[in-house]
Amino acid sequence: MASQVKPVPEAALSAESRSIAVARPRRVTTWIGLPVALILLFGSVMIGTMVGAVPISARTVFAILTGRHLASLQSEELILLQVRLPRVLTAGVIGAALSIAGVLFQGLFRNPMADPYVLGTSGGAALGAAMGIFLFPHSSILGFSAAASLAFVGSLVTITCVYALARVGGKTPTVPLLLAGLAISVVLSEASSALLYLRDEVSWSARSLALWLSGSIAAVSWTQLLLAGGMLLLGGVLSIPLRSVLNALVLGEEYAQQLGFSIEFARVAIIVVASLLTSSAVLLGGVIGFVGLLVPHVVRLIVGPEHGRLLLFSALCGASYLIIADSFARTVIAPSELPVGILTAFLGGPLLLYLLRRTKREYAL
Amino acid sequence: MKPLLSVRNVSYAYGPRFVFQDVSFDLFPTDTIALMGANGAGKTTLLKICAGLLAPHNGEVLYLDKPLSSYKRREIARSIALVPQEVQVTFDFTVQQFVEQGRTPHLSSLFGTLQDNDRRAISRAMECADVTHLAYRNFNELSGGERQRVKIALAIAQEPRLLLLDEPTQHLDIGRQAEVFAVLRRLNESGIAVVAAVHDLQSALAHFPTGMLITPGLPLLSGPTAEVLNPSAVRQAFGVALPGTAAGLDVSPLGVAVNGS
C-alpha cells in the first residue's frame, strides 16, 4: 500500500495554513465523564427510592438492599422491593431505551429533530392502546395490560408499514421515510381519537387513554421489568457495532457508502434496533415525549458528537433523567400523580434552552 | 505495466438519457489525470463508476484484472478513495474526527476502535494534506481551501492506490488551488494514481500530464493534456472557441505562475 507519503516542505505552507492552531476543545473525557454519569445514575436511583407517600431514609434503603431484614422495617421493605424499586428501574429502562433510540434515529436521518417516534411509533402505539382500552379493558398478557401489549404490537406494525411504503425499487430514501412516518402517525392518532366518540362511557376511557398518551409509568412486576430490561439490553448491545456507520453517516450517506458501508443494510439495522428499543419503552410507559429528543442533544453538547460515547452517555443520562422526572411526577401533587410526559417536557425544555444559549457560537446542529 | 483500473465500454443513463456511451480507458499506478468536460457531460458519474458507487448499465470496470463488482464494498474502500465535491457534516465533527472516518474500511474490531497503525495513518494523512494544525477545529467552521484539504486527508487515511477527486479546486482562489495541487503532486510521487475532474483548463495543462475529455456523443479523448485540449476538441466539448495554437491551448502567464509556485 502506498502509505509512505512525503512530509510537507516548509515552503508549501501558505499564509492560510499558518493560521493559529486551535487547542483541543474542552469536552468531557470518558474517564471523567463515566464515573460522573454513574454517580448521577446511582444518585437518581437513591432519590427515586427514597421519595414517595412513605419517605424512606437513605440508611434504610441501604439496609434493605444489603439484605438486612429488620422486623421494624417490614412495611418499608415491602414498599421498597415491591413498589418503589421496580418503578424506579422501569423509569430507568424507559429512559435509557428512548435515549438510545433517539441517538440512532438522529444519526440515521442526520437530523437533530428526529425522536424515537419519528417513524410513526406514537400513532401506532396510540391506536393499539385505544383498542386495548376500549375492546379489552380487563384482560392482560404476561402482566401487561391489553393497552400496553397492543400499543407494542401497534408500534411495530406501524414501523414495518412505514418502511414498506417508503421503499421504492430496492431503496429506501430518508425523506420519503420521514414523510410516510409523519403521515401514518397522524392518521393513526386521529383514528384513536375517533374511537373515543364511538363509546358512551367516554369519561373513563378517554381519561385513561389521555393519561397513557402523555406517558405514565404504571406499577410493574419484576417479571415485566425483566422482559423489558432484556429488550433494552439486546437493543443496547446491538447498537454498539452501529457506532462506526453512525459516525460515517455524519458525513452523508454517499460518504458512508464510499467508506465501505452498505447503506441499505445499515438503514434496516438501525431502524430495527431503534424500533425494538422504542417499543419496549412504549410497552412500559406509553408515549413519553421529549426524552429521546432531548437527552441525545444535551449529551452531544457535553461529550461531543462521536457516536460511541454518545450512545453510552445517552443511555446512562437518559435513565437518570427519567428516574428524576418520574420521582417528581409521583410527588408534586401527591397523593395523585402527574403523567411523567408532562414532567419530562417541563424539566427538559428549559434545560435544553439554557444549554443552547450557553454554547456561545451558533449551534451547528 | 499492468493497469490499476480498466474501464471497458462503459455506458451510463439516468432514465432514458445516456450520459455517456462506450467509454473505455486504462489507469496506471503512476498516472495523474485531469478529467475534463462540460457541465453535465458525466464527469461526476464517471468518477462514481470508477469508485464502484454506481454500477454501469453496460460494460465493466476491472480493478487489477477483476471486475470491480466482485469486490466487497470495504475492499474497494481500502483501494479507491473518492473525494466528493460537496459534503454536509450534520454534527459538530472536529477535523480530527472527520479524518478518522477514513480508517473505517480498515477497522477490524466490532467496536470500531482505532489501533496504533490507524492513528499513525491518520497523523500521516493530516501531515500530508497539511491540516495537522486544524485538528481540533470544527469542520463546519473551516474555509473552502481548508475543507478541501481535510477531505483529501480523509481520502489519504484510507491508504488508497487510486485517488479520485471531484473538482477539488472549485471555488478556491489561485493560492488555495496551488496548495491542493501541491498535495496531489506529493501523493502521486508517493505512488498513488490521481484522477481529478477539473474545470479550469489552464490548471489541467499546468498540473496534469495526462488529460481526458468527455464530450457527449463523441468518443472519450485521452492523451497528453496539451494534445487533448486542441482547439477543435475544446470547441466541440464546450461550444466555445478559445484562443489557441496548433499545438493546443494557450497557457497564459497566470497558468505558468501557478505551476511554478
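Predicted model: local features only at pLDDT ≥ 70, side-chain atom pairs only at ≥ 80, totals over all residues.
The crossing of α12(A) over α13(A) is right-handed. On the side of α12(A), the contact is formed by A:Val291, A:Val295, A:Pro296, A:Val299, A:Arg300 and A:Val303. The residues of α13(A) that take part include A:Arg309, A:Leu310, A:Phe313, A:Cys317 and A:Tyr321.

The loop between α11 (263–285) and α12 (291–303) of chain A contains A:Phe290. The phi angle of A:Phe290 is near 80°, a positive value in a residue other than glycine. Most residues other than glycine have a negative phi. A:Phe290 counts as buried because 23 C-beta neighbours lie inside 10 Å. Helix α11 of chain A includes A:Ala266, which is buried because 20 other C-beta atoms lie within 10 Å. Leaving aside residues up to four places away in sequence, A:Ala266 touches A:Val245 and A:Phe261. A:Gly120 is 146 residues from A:Ala266 along the chain, and the C-alpha atoms of the two are separated by 20 Å.

For chain A as a whole, the secondary structure comprises 14 helices and 2 strands. Of its 365 residues, 48% count as buried. Among contacts in chain A with a separation of 6 or more, 75% are accounted for by residues 24 or more positions apart.

In chain B, an open sheet is formed by 4 strands in the order β2-β1-β4-β5, with antiparallel pairing. Its edge strands, β2 (17–27) and β5 (66–67) of chain B, each pair on one side only. Strand β4 (residues 58–63) of chain B runs antiparallel to β5(B) and is joined to β5(B) by 2 bridges. Within this pair of strands, B:Pro67 of β5(B) stands opposite B:Leu62.

Helix α1 (residues 43–50) of chain B lies across β1 (5–14), β2 and β4 of chain B, and its direction is at about 130° to β1(B). Most of α1(B) is covered, with 7 of its 8 residues buried. The buried residues of α1(B) are B:Lys43, B:Thr45, B:Leu46, B:Leu47, B:Lys48, B:Ile49 and B:Cys50. Just after α1(B), a positive phi of about 75° is found at B:Gly52.

Strand β8 (residues 193–197) of chain B is largely enclosed by the rest of the structure, because 5 of its 5 residues are buried. In a regular strand the side chains alternate between the two faces of the sheet. In β8(B), B:Ala193, B:Val195 and B:Ala197 point one way, whereas B:Val194 and B:Ala196 point the other way, and all are buried. Strand β3 (residues 32–37) of chain B pairs with β8(B) in the parallel sense over 4 bridges, and the bridge partner of B:Ile33 in β8(B) is B:Val195. Parallel pairing also joins β7(B) to β8(B), through 5 bridges. Here B:Leu163 has B:Val194 of β8(B) as its bridge partner.

The loop between β7 (162–166) and α6 (174–189) of chain B holds B:His171. The phi of B:His171 is near 65°, a positive value in a residue other than glycine. B:His171 counts as exposed because 12 C-beta neighbours lie inside 10 Å.

The axes of α5 (residues 144–157) of chain B and α6(B) come within 9 Å and cross at roughly 15°. Helices α5(B) and α6(B) are therefore roughly parallel to each other, since angles under 35 degrees are classed in this way. The crossing of α5(B) over α6(B) is right-handed. In this packing, B:Gly144, B:Gly145, B:Gln148, B:Arg149, B:Ile152 and B:Ile156 of α5(B) meet B:Arg176, B:Glu179, B:Val180, B:Val183 and B:Leu187 of α6(B).

The largest nonpolar core has 184 residues, and those with the most contacts inside it are B:Ala153 and B:Leu164. Apart from residues up to four places away in sequence, B:Ala153 touches B:Val99, B:Ala125, B:Met126, B:Ala129 and B:Val131.

How values were computed: Residues numbered from 1 in each chain as written. Chains lettered and ligands numbered in written order. Pairing = 2+ DSSP bridges. Contact = placed C-beta atoms within 7 Å. Axes fitted to C-alpha atoms, helices over the stretch in contact; angles between N-to-C directions. Core = buried A, V, L, I, M, F, W, Y, C linked by C-beta atoms within 7 Å. Left-handed = near helix turned anticlockwise from the far one by under 90°. Parallel < 35°, antiparallel > 145°, perpendicular 65-115°, else oblique.
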